[in-house]
Amino acid sequence: MAPTIGEQASTLLVRKIPIADPTRVFLGDVIVLKDPDNSENYLVRRLAATEGYEMVSKDEKDEPFVLEKDQCWVLADNDKLKPKEAKDSRLFGPVSMTDIVGRVIYSLRTAVDHGPVLNSHYSMRKDSSLLEIELDVSDMMKNHKA
């Protein structure tokens, strides 16, 4: 998810979302989801589209399709990666909204390189009070493995 999260390992603060739907996660949010290839692992990706969006490929051989109810499309932020390297919906296709675990709201890379993750305007507004009142960066640093 570089450059959003960083190239190196980061400690992430994730706001758990018990039931993910388009009223709780929004386009542009950085989300944590179960890896479609191995449900014991998790991926961090950006939510690019939700149900009802028409998906059109750059490859003319691929037919356009519309995301069905409870489906979403996720992308890695790193533009340098080829689609197969990015391990996102361009490789594994649409993802079920039920596979979304939460929204990343804060990233701690080092003691001096940390801050809120840029999500959608709606999510930034929803998460701002949590970051202002409940975030304890010193406590996050204690558990951070750099």
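1. The largest pocket is lined by M55, V56, S57, K58, D59, D62, E63, F65, W73, L75, P83 and R90. A pocket here is an open set of points on a 1 Å grid over the protein atoms alone, with protein on both sides within 12 Å along at least five of seven lines, and lining residues have an atom within 4 Å of a point. The lining divides into 6 nonpolar, 1 polar and 5 charged residues. In this grouping Ala, Val, Leu, Ile, Met, Phe, Trp, Tyr, Cys and Pro are nonpolar, Asp, Glu, Lys and Arg are charged, and the others, Gly among them, are polar. The space in the largest pocket comes to about 410 Å³, a volume being the space filled by probe spheres set on grid points that are joined across faces, edges and corners.

2. The model is predicted: local features need pLDDT of at least 70 and side-chain atom pairs count only at pLDDT 80 or more, while totals for chains, interfaces and linings use all residues. Residues are numbered from 1 along each chain as its sequence is written, and side-chain values use heavy atoms, with hydrogens and water left out.

3. The chain holds 4 helices and 9 strands, which are DSSP runs numbered from the N terminus (helices H or I, at least four residues; strands E, at least two). Their order along the sequence is β-β-β-β-β-β-α-α-β-β-β-α-α. The radius of gyration, taken over C-alpha atoms, is 16 Å, close to the 15 Å that the globule rule gives for 146 residues, so the chain is as compact as a globular protein of that length. That rule is 2.2 Å times the number of residues to the power 0.38. The C-alpha trace spans about 50 × 30 × 30 Å along its principal axes.

4. Of the 146 residues, 36% are buried, that is, under 20% relative accessible area; exposed means over 50% and partly exposed in between, with a 1.4 Å probe and protein chains only. Contacts are heavy atoms within 4.5 Å. Among contacts between residues at least 6 apart in sequence, 61% join residues at least 24 apart.

5. The number of salt bridges is 9, each a side-chain nitrogen of Lys or Arg within 4 Å of a carboxyl oxygen of Asp or Glu. One of them joins D77 and R46 at 2.8 Å, N to O. Because D77 lies in the loop between β6 (71-75) and α1 (83-86) and R46 in strand β3 (residues 38-50), this pair ties together parts that are 31 residues apart in sequence. D77 counts as buried, at 16% relative accessibility.

6. D127 and R103 form another salt bridge, at 2.8 Å, N to O. This pair links distant parts of the chain, with D127 in helix α3 (residues 121-134) and R103 in strand β8 (residues 100-108), 24 residues apart.

7. D70, in the loop between β5 (65-66) and β6, has a positive phi near 65° although it is a residue other than glycine. K87, in the loop between α1 and α2 (89-92), is not a glycine and has a positive phi of about 45°. D70 is partly exposed at 35% relative accessible area, and K87 is partly exposed at 26%.

Notes. 1 Å grid on protein atoms, 1.4 Å probe; cavity = no way out; pocket = protein on both sides within 12 Å on 5 of 7 lines; lining within 4 Å.
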